[in-house]
Amino acid sequence: AEKHAGVSCVTASMDDIQFEEAARVGQIIAIRTKVNRAFKTSMEVGIKVTVQDVLTNAEKIVSVAYATYVAKAVGGGKVELKPVQLLSAEDLVEHSLAIERRRIRLGYVQVFQKLMQESNKEGDFYTCEEKDAVSTEHTHVQSTELVLPPHANHHGNTFGGQIMAWMQTVASISASRLCRSHPILKSVNMFKFWGPSFVGDRLVFNAIVNNTFHHSVEVGVRVEAYNCEEWIKDQPRHINSAFLIFNASNDTGELLSFPRVKP
């Protein structure tokens, strides 16, 4: 993103991420990225992650994801980006698809906001009367992390990937309270950066199971940041939220069932 913009850039959001394969110790991971399309002040960066087995040389796709970046102007304001130079037929296809993904991305937010407004109406709530349903309070997990220099990029902002790793850890613990195995992350949905965090901030992660779907479970994670003054005054900054989908399997690879939950 910075190579295209010529100035510092920050991550605005990540589209939903699907994990097709699990990367394991001893395998080689390759990460390829390129700017697919530059809009007026933002750009879409495509990310392709593959894993190669050193013994068989077999290469498999782990994930294909799309991130939205914006240029960080000096002294505020917005930076207008130059168009992307298309060098191949593949570049042209991705350039055309980028505008459609952007349209879906913006519509996705509006649909979700509308759903939230409808679900917040007085008296509109869900109850589970199933006998063996597990209270979602049993799945609540909280973690606090201190942002240190290795966790931040060259601007002093916390790495988005580091935040996602911490989110996955706390969400995995939350999901594990409903299964007798280690949960496997399958997707990350609606991962958006509402604001930055910096070296020295305390990040508080709250995770809870929202619902189960027989062989999968959705865990919601909210991330709040505090500097020293905000920590004393208990004034958090909401910087991230996401929904993580997990499943779990036994030793033979058979998917395990999750119990119903009672909110």
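This is a predicted model: local features need pLDDT of at least 70, side-chain atom pairs count only at pLDDT 80 or more; totals for chains, interfaces and linings use all residues.
User: What domains does the domain assignment of the chain give, and how far apart do their C-alpha centres lie?
Analyst: The assignment gives two entries, domain 1 (1-106) and domain 2 (132-262). Their contact takes 14 residues from domain 1 and 13 residues from domain 2. The C-alpha centres of domain 1 and domain 2 are separated by 23 Å.

User: Where does the second largest pocket lie relative to domain 1 and domain 2?
Analyst: The pocket has a volume of about 1500 Å³. Its lining has 47 residues, and the closest to its centre are Phe 112, Met 116, Asn 189, Met 190 and Phe 243. Domain 1 (1-106) and domain 2 (132-262) both contribute to the lining, so the second largest pocket lies between them.

User: Which element gives the largest share of the lining of the second largest pocket?
Analyst: Several elements give two or more residues to this lining, among them the strands β1 (9-14), β5 (59-71) and β8 (184-193). Helix α2 (89-119) is also on that list. With 12 residues, the largest share comes from α2.

User: How do the residues of the lining of the second largest pocket divide into nonpolar, polar and charged?
Analyst: Phe, Met, Leu and Trp are among the residues that count as nonpolar, while Asp, Glu, Lys and Arg count as charged. On that basis the lining of the second largest pocket divides into 23 nonpolar, 15 polar and nine charged.

User: What span should the residues of α2 have at 1.5 Å a residue, and how far apart are its end C-alpha atoms?
Analyst: Helix α2 has 31 residues. The expected span is 1.5 Å times one less than the number of residues. That gives 45 Å for α2, and its end C-alpha atoms agree, at 45 Å apart.

User: Which residues of α2 are buried, and what do they pack against?
Analyst: Buried means under 20% relative accessible area. In α2 that applies to Asp 91, Glu 94, His 95, Ala 98, Arg 101 and Arg 105. These buried residues pack against β1, β3, β4 and β5.

User: Which elements do the buried residues of α3 pack against?
Analyst: Helix α3 (residues 160-176) reaches 24 Å from its first C-alpha to its last, close to the 24 Å expected. Its buried residues include Ile 163, Trp 166, Met 167 and Val 170. The buried residues of α3 pack against β2 (17-18), β7 (141-146), β8, β9, β10 and β11.

User: Is Thr 41 buried, partly exposed or exposed?
Analyst: Thr 41 sits in the loop between β3 (28-38) and β4 (42-52). Beyond its neighbours within four places in sequence, Thr 41 is in contact with residues including Tyr 69, Lys 78 and Leu 81. Its relative accessibility is 24%, so Thr 41 counts as partly exposed.

User: What is phi of His 214?
Analyst: Most residues other than glycine have a negative phi. His 214 is found in the loop between β9 and β10. Its phi is positive, in a residue other than glycine, and is near 65°.

User: Where does Asp 234 lie, and is Asp 234 buried or exposed?
Analyst: Asp 234 lies in the loop between α4 (228-233) and β11. Its phi is a positive value, near 55°. The cut-off for exposed is over 50%. At 56% relative accessibility, Asp 234 therefore counts as exposed.

Key. Residues are numbered from 1 along each chain as its sequence is written. Side-chain values use heavy atoms; hydrogens and water are left out. On a 1 Å grid over the protein atoms alone, a cavity is a set of points where a 1.4 Å probe fits but cannot get out, and a pocket is an open set with protein on both sides within 12 Å along at least five of seven lines; lining residues have an atom within 4 Å of a point. Grid points are joined across faces, edges and corners, and a volume is the space filled by probe spheres set on the points. Helices (H or I, at least four residues) and strands (E, at least two) are DSSP runs, numbered from the N terminus. Domain bounds come from an automatic or database domain assignment. Buried means under 20% relative accessible area, exposed over 50%, partly exposed in between (1.4 Å probe, protein chains only). Contact means heavy atoms within 4.5 Å.
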